[in-house]
Amino acid sequence: MCGIVGYIGGRTAWPIIVGGLQRLEYRGYDSAGIAVVDDGQIRINKCRGKVSDLRSLVRGQNISGTIGIGHTRWATHGEPNDINAHPHMSMNGKFVVVHNGIIENYRTIKAQLEQKGYAFRSQTDTEVLANLIENIYLEKQISPESAIKAALSISVGAYGLGIICTDQPDRLFAARKGSPLAVGIGQGEYFIASDATPIVEYTDQLVYLEDEQVAVMTTDGISITDLKDTPFDPIITNVDFGTEGIDKGGFDHFMLKEIYEQPNSLADTMRGRIIEQTGTINLSGINEIMPKLVGVNRIIIVACGTSYHAGLVGEYLFEQFARINVEVEYASEFRYRDPIISPEDVVIAISQSGETADTLAAIRLAKQKGATILGICNVVGSSIARETHAGMYTHAGPEIGVASTKAFTSQVVALTMMAILLGRKRGILDDKTYNELTTELRRTPELISEVLKDNDHIREVSRAYQLAQNAIYLGRGYLYPVALEGALKLKEISYIHAEGYPAAEMKHGPIALIDNCMPVFALATHDKHYDKILSNIQEVKARKGQVIAIVSRGDTEIARIADYVIEIPECHEALMPMIAVVPLQLISYHIAVMRGCNVDQPRNLAKSVTVE
């Protein structure tokens, strides 16, 4: 991990690559580097720090080469420093490699290479791979492409690779297994990148490499084969966003921009799926498996992080509206506990990027067991989109901020449409309830816009807690997953320790933490749990805790006892997660800004987690 950009063509390579790396900064990283073929020689510049540091390092050098590879690294093997930064050159200078992923058997390979006289400068698994390719190339006297394939055949783990061979400096090699890699197609030029964001400035045509595929690019064309030399015709995907989707658009941070984009992103998720004239839901992406969904007795939702919280909301939705038993699993734990899966089950995988390694591993296991797999993701052509039987794109647009916001609400609205539709088809929802729900659902963008108008007040509430060291979030029913998500947002970007709990669980331990320094964020809207959450708030106040309550507009009872109140518009309780999460997103954002944190690129985090 974490970002790869490469170029071959007629333009000067380094500005394209460094500019692309800056587009990938949102993924999180700790060092950056670039290698360019210049007059037949490889010139490498790399350093710990930001892409701006790399740009300063390169600026002033006369680098005119038209082939190169670049990388932003998120440390997995070895501390962040200049030596461990990518690219890595093999000992004899034959191969230069940038790498996302982890080579799990690198220690064994390294020991074998050391016995052959190889010495290593870095602590990385990537340098081991570069030397393995070179060793095979020199010992077997085969082509660079064949050496790359032979090395990858004995490498265990995940990789997205950009490779240059000094003996064939007119070629750019790329390979992928587990870690996403796209090839951009231009006029006599090719680009490689971890995702579309560095490429869309130059081309809207992408080829997403499949696992164990190797691409060889020259200015004359591209060939794609697998590790056994089976050829594949490139499948070109047209990306549907331009550079405006990856610019801040006048906002101070991508995260704030994306919070404000939620009315539009939710409308885009629903567009063409809720038919306004009839009020009906049409989900064409799952029509083929609809008979299976209508008759299913168990749905398993697998996801990580924010997507897991969306899945928890989905559990409530499917069980209430469609009366289907649902289990929500952390994808990272799912396959390690020998789960019971049958061909009768439906597994729903949720991921913003569609490339989350743990979620991909979970769906592959479920497919082996014969389950039907449905994907919900945001990125067209991503691995989850390709490996599932059916699914839905959220159409939320690019999400650059590492802390997910609009992806969460778009995932929830996708799950909501699915649950309502299934409830109708299974005969659980009558026409009146079905029409009421779809009408309410269409109003959610408008309701979020109303919440956003209260941003100034929310900022002032946030100011009171910018120095907090801990925080507790409480919710019941549909708002319990929102409490988890609110706590996660605060942790991610402000580095304040925060935990979310079902409100009733506070008495089973967490109440011991309550004192006059502990802010407690209580989700207390008008629903069937209102009296219960009110009791929880009173318990907190009895112990001198600070209460910040998210309440339904017009509430007066909680306003009398809470320290701060943020009002949100009323709606059906099942749709409230999409509304109630917005003030929590804004609170996290404002507190992080006030604490001087890097909101869009929080420390130690990566946007797309493509390794386990």
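## Before we start

This is a predicted model, so local features need pLDDT of at least 70 and side-chain atom pairs count only at pLDDT 80 or more, while totals for chains, interfaces and linings use all residues. Residues are numbered from 1 along each chain as its sequence is written, and side-chain values use heavy atoms, with hydrogens and water left out.

Helices (H or I, at least four residues) and strands (E, at least two) are DSSP runs, numbered from the N terminus.

## The sheet and its helix

Let's begin with an open sheet of 7 strands, running in the order β5-β6-β7-β8-β12-β13-β14 with antiparallel pairing. Two strands pair if DSSP finds at least two bridges between them. At the edges sit β5 (88-89) and β14 (231-232), each pairing on one side only. Helix α4 (residues 125-140) packs on this sheet and touches β5, β6 (95-100) and β7 (159-165). Contact here means heavy atoms within 4.5 Å. The direction of α4 makes about 140° with that of β6; axes are lines fitted to C-alpha atoms, for helices over the stretch in contact, and angles run from 0 to 180 degrees between N-to-C directions.

Now look at β14 again. Strand β13 (residues 221-226) pairs with β14 in the antiparallel sense over 2 bridges. Ile 224 has Phe 232 in β14 as its bridge partner.

## Loops with something to spot

Pro 87 lies in the loop between β4 (67-73) and β5. The peptide bond leading from His 86 to Pro 87 is cis, with omega near 5°.

Arg 323 has phi near 55° and sits in the loop between α9 (305-322) and β19 (325-330). Asp 338, with phi near 50°, is in the loop between α10 (331-334) and β20 (346-351). Are they buried or exposed? Arg 323 is exposed at 57% relative accessible area, and Asp 338 counts as exposed at 63%. (Buried means under 20% relative accessible area, exposed over 50%, partly exposed in between, using a 1.4 Å probe and protein chains only.)

## A buried serine

Ser 410 is in helix α13 (residues 406-425). It counts as buried because its relative accessibility is 0%. Leaving out residues up to four places away in sequence, Ser 410 touches Ser 265, Leu 266, Thr 269, Thr 394 and Ala 396.

## Rings meeting rings

The structure holds 9 aromatic pairs. Rings of Phe, Tyr and Trp (its six-membered ring) pair if their centres lie within 6.5 Å; planes under 30 degrees apart count as stacked, over 60 as edge-to-face and the rest as tilted. Tyr 308 and Tyr 330 are stacked, 3.8 Å centre to centre with 15° between the planes. Tyr 308 lies in helix α9 and Tyr 330 in strand β19, so this pair ties together parts 22 residues apart in sequence. Tyr 308 is buried at 11%, whereas Tyr 330 is partly exposed at 41%.

Together with Tyr 473 and Phe 521, they form one aromatic cluster.

## Charges over rings

Finally, find Lys 110: its charged end sits over the ring of Phe 120, 5.1 Å from the ring centre. Likewise, the charged end of Arg 603 sits over the ring of Tyr 495, 3.8 Å from its centre. (That takes NZ of Lys or CZ of Arg within 6 Å of the ring centre and within 35 degrees of the ring normal.)
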